[in-house]
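Work through the exercises below with the model open. Each task is followed by its solution.

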Amino acid sequence: MTEFVSTAVQGGVAYLTLNRPQALNALSLDMIRAMTDALRDWESDPAVHAVVVAGAGGKAFCAGGDIRWFHQAHHAGDPLLDQFFVEEYALNHRIHRYTKPYIALMDGVVMGGGMGISQGARLRIVTDRTKMAMPETNIGLFPDVGGGWFLARTPGRLGEYLGLTGVVIHAADALHAKLADAYLPANALAELVASLQTRSFESGDAVLAHIATFTDGHAQGCAPAESALARHADQIDRLFAAPTVEQIVQAVSDAEGDWAAQTAATLRSRSPLMLCVTLEQIRRARTMSLEDELRMELDMMYDVFRHGDGIEGIRALAIDKDHQPRWNPARLDAVTPARVRAFFDSKWRKEEHPLAGLQG
């Protein structure tokens, strides 16, 4: 194991803990490899019936990939930058197709890569501290780690709204969007883990049944009681159904109310190019298998650091922290269809694709 991933097996349950709290448990390539090795070994281990994944430190499950390293690796010409995404997406796929119950304790910040290692879980538990987002357009990226696939499967046009804006949502919203399955207050989550660790289980179903004795009692106790996404669902479905990003932004700008004004301002601050790429991604993903969608994302990511806004977005947010990204192009009306389409052209022949081996 890497120093930032700890593992233990107790009573038939394997515990995998991301232990990099000073970086909000952001994923490095070593962490991805450690998780992959552990999950592979546990899947064939008859002593392991279920896997519980959590983040250490009390502030984050996982805040995403290590974007500072992305910036450094790009400028160093490090081939491990491309390899990071190959192995991360393969890990995301393994989680979605895992044959034993994989249970994600989504306490605190759950963003980007943190969504990638939780959305494929059999059981996704959120808490009163959950802050969930796919915020990639804010740094010139797109919602990857299977984001196109799982956002495209949220109700109505929530996928477009969440993917384009990158807005942070909380527990009630996550449940409404079907990006979480159950809710527990953070203190009750700690009690659940302690309870699991005092017992011995003979099957994955027994683990899930024990967890249900905790979560079922809190099903109606989610705070806030009302989901903001549910409250604005009709507006989201109407405004984010427009054919192009330009039309979406115009429709949101013309709508009345504080929510619409704030949403319009958010959209206007994002990378125009990656807004258009993200909309195309989510709409393509609606009719794709998970495997094909992940392969598409790798094709897209190849372009992001070479011809997109990724490095500039990371510079502005995390390196220089001036929050003044110089997007290229700077305006939506300057984004050409040809430039968007180029992100979806595969750089590999089908049989040579790095993720060719992914199977449904």
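**Exercise 1: the cores**

F240 touches R157, E160, Y161, L164, T165, Q235, I248, V252, W259, T263, L267 and R283, leaving out residues up to four places away in sequence; a contact means heavy atoms within 4.5 Å. This is a predicted model, where local features need pLDDT of at least 70, side-chain atom pairs count only at pLDDT 80 or more, and totals for chains, interfaces and linings use all residues. Residues are numbered from 1 along each chain as its sequence is written, and side-chain values use heavy atoms, without hydrogens and water.

Task: find the nonpolar cores.

Solution.
- Start with the term: a nonpolar core is a set of buried Ala, Val, Leu, Ile, Met, Phe, Trp, Tyr and Cys residues joined through side-chain atoms within 4.5 Å.
- Buried means under 20% relative accessible area, with a 1.4 Å probe and protein chains only.
- The largest core has 97 residues; Y102, I117, F240 and F305 have the most contacts inside it.
- A second, separate core has 19 residues, including A54, L105, L196 and I211.

**Exercise 2: N25**

Task: is N25 buried or exposed, and what does its side chain reach?

Solution.
- Locate N25: the loop between β2 (13-18) and α1 (29-43). Helices (H or I, at least four residues) and strands (E, at least two) are DSSP runs, numbered from the N terminus.
- N25 counts as buried because its relative accessibility is 0%.
- Its side chain reaches the backbone nitrogen of R20 at 2.7 Å.
- A polar atom of the N25 side chain also lies 3.5 Å from the backbone oxygen of F61.

Notes:
Buried < 20%, exposed > 50% of the residue type's maximum accessible area, 1.4 Å probe, protein only. Polar contact = N/O pair within 3.5 Å; in protein donor to acceptor, adjacent residues only side chain to side chain.
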